[in-house]
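Here is a structure to explore step by step. Have the sequence open next to the 3D view, and pick out each residue as it comes up.

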Amino acid sequence: MSAVYEKVKLLLVDKFGVEEDEVDPTATFEDLDLDSLDLVEFALAAEEELGVRITDEEAEQLETLGETVKLLEEKGASA
Amino acid sequence: VSTAIAVTGLGLATPAGLGTEASWNGVLSGVSASARDPILEGLEVDFSCRVPGFDATDLLGRKPARRWDRFVQLAVWAARQAVADANLDTETWDGPRVGVVLGCGMGGAATWEEQHTRMLEKGPSKVSAMLIPMLVPNMVAGQLAMDLGATGPNLVTATACASGATAIGVARDLLRSGACDIVLTGGSEAGLTRLCITGFSQMGALSTRRDDPATASRPFDTDRDGFVAAEAAGVVVLEREDDARARGAHPRALVAGYGASADGYHITAPDPDGSGAERAILAALADAGVGPGDVDHVNAHGTSTPLNDVAEAKTLRRVLTGDYSVTSTKGVTGHALGSAGAIEAGFVSMTIKNGLVPPTANLENPDPEIDLDIVVDKPREQRVEVALSNSFGFGGQNAVLLFTSA
């Protein structure tokens, strides 16, 4: 997995209380018990940690972690 | 209708200790929890009473640690203790018949301040989406509904430092009316922030005994100079006594009376003639059907402020006619604001159950204007049948609970 993925995983475990073994590219935010408010928080945290901004519209489209990491990488995120 | 309401469970997270037994042993010890507080460093008042060993991540998990303000964390933890103590099973209880009424004075003060600072420093786009759900005071009751499946009537009472007692009174009424079969009630407060403490300090409400915080909370003492702010949560489980006994529960005490009034006098100072407090006490007595000579113990509001303690003492002397012991557990716990009445209701239940009155910490030189039989130095063994718990809030709101032995 990519460095961005590892960073996202760390973020989810440290800040969002997700269990490490639940983190998987196919996992959805719903699978991880993260609601729309968490997603806003996640976008803020990702911006701080990775330096790229996910808009509200983009966040609404995101379902899986794999998609999320792909979007972050497309936007130029580097860990 | 005089349906007896029983206290069947108790959960406490107070500066005197984490858990009911630890809190009870703490107030019995008479050792004040007031200590230097690193968060308040550099302020005129740099000490407070915090709940020892309350690590939200360890006790509740990482998600609640992040998504709940501390006043909600303390309350959920205390509520789980109370439900377990009552021997109730949240999986099988009839959720819509279980109400939640909690008192809270401030709400998520720490969240508010943190996010306001963030907005000023980093801009509006960096403000947390959790700001509002974390700071609204009613969330503490809402979260209990989610956590325990208690989906009956659900609300938070705000009568400042009387909030916890008001909540228990309202909860009692929900059981008497038949609206609920079980009510989780009490209060929670976690307002030990730099801004809140500064606000209380600017009012002159707080003790400024910086050189010796452990002796700063000294209810009824000549040298008292203000209260010491505390955080705490106290949750009691109330049921109709008949229901409780039918399921084999063992009530610690009965909530036999509740009286409420407003001074209509001043935003923060108690009415020196105590007429508002007197009406609340008389209403609680009348509600319970006991006379002013029947009370044998009072857990006083006893904040350690110059004005409260003397006004309260004079009111008690005037209204109650029998022999009664008085204590203020705030000498140990400090003043937990919106949860004070809740944790003190817990202490009164323990006093009735165990026949022990905790001492008032730091009472070394009794104020000559205060003529009461105040318990000092060590716990007093006393069989208590009828006890009052006084709570008076800024805004002139008074709430008095009357407990009897079960």
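Sort the residues lining the largest pocket by class and you get 13 nonpolar, five polar and eleven charged ones. Keep in mind as you look around that this model is predicted.

How much space are we talking about? The largest pocket has a volume of about 750 Å³. Its lining is made of 29 residues, and those closest to the centre are B:Arg66, B:Thr111, B:Glu114, B:Gln115 and B:Met134. If you're wondering how anyone finds empty space in a protein, rolling a probe the size of a water molecule over the atoms shows where it is left.

Which element gives the largest share of the lining? That's α5(B), with six residues.

On the chain A side 18 residues are in contact, and they meet 13 residues of chain B. The size of an interface is often given as the accessible area lost when the parts come together. For chain A and chain B, about 1,200 Å² is buried between them, with 42% of it on carbon and sulfur atoms.

What about charges at this meeting place? Side chains of opposite charge can pair when their charged atoms come close. Between chain A and chain B there are nine salt bridges. One to look up is B:Lys63 with A:Asp38, where the closest N and O atoms sit 3.5 Å apart. On the side of chain A that touches chain B, the elements giving two or more residues are α1 and α2 of chain A. Here α2(A) has the largest share, seven residues. By class, this side of chain A splits into seven nonpolar, one polar and ten charged residues.

Zoom out, and the count over all chains is 38 salt bridges. A:Lys7 and A:Glu49 form one of them, with their closest N and O atoms 4.0 Å apart. This pair links distant parts of the chain: A:Lys7 is in helix α1 of chain A and A:Glu49 is in helix α2 of chain A, 42 residues apart.

Last stop: the second largest pocket, which holds about 470 Å³ of space. It's lined by 28 residues, and B:Thr268, B:Ala269, B:Pro270, B:Thr305 and B:Phe394 lie nearest its centre. In chain B, α12 (306–319), β15 (386–393) and β16 (397–404) each supply at least two lining residues, and α12(B) gives the most, six. How does this lining divide by class? Twelve residues are nonpolar, 13 are polar and three are charged.

Technical notes. Residues numbered from 1 in each chain as written. Chains lettered and ligands numbered in written order. Predicted model: local features only at pLDDT ≥ 70, side-chain atom pairs only at ≥ 80, totals over all residues. Heavy atoms only, no water. 1 Å grid on protein atoms, 1.4 Å probe; cavity = no way out; pocket = protein on both sides within 12 Å on 5 of 7 lines; lining within 4 Å. Points joined across faces, edges and corners; volume = space filled by probe spheres on them. Helix = DSSP H or I, 4+ residues; strand = E, 2+ residues; numbered from the N terminus. Nonpolar A, V, L, I, M, F, W, Y, C, P; charged D, E, K, R; others polar. Contact = heavy atoms within 4.5 Å. Buried area = accessible area lost by both parts, 1.4 Å probe. Salt bridge = Lys/Arg side-chain N within 4 Å of Asp/Glu carboxyl O.
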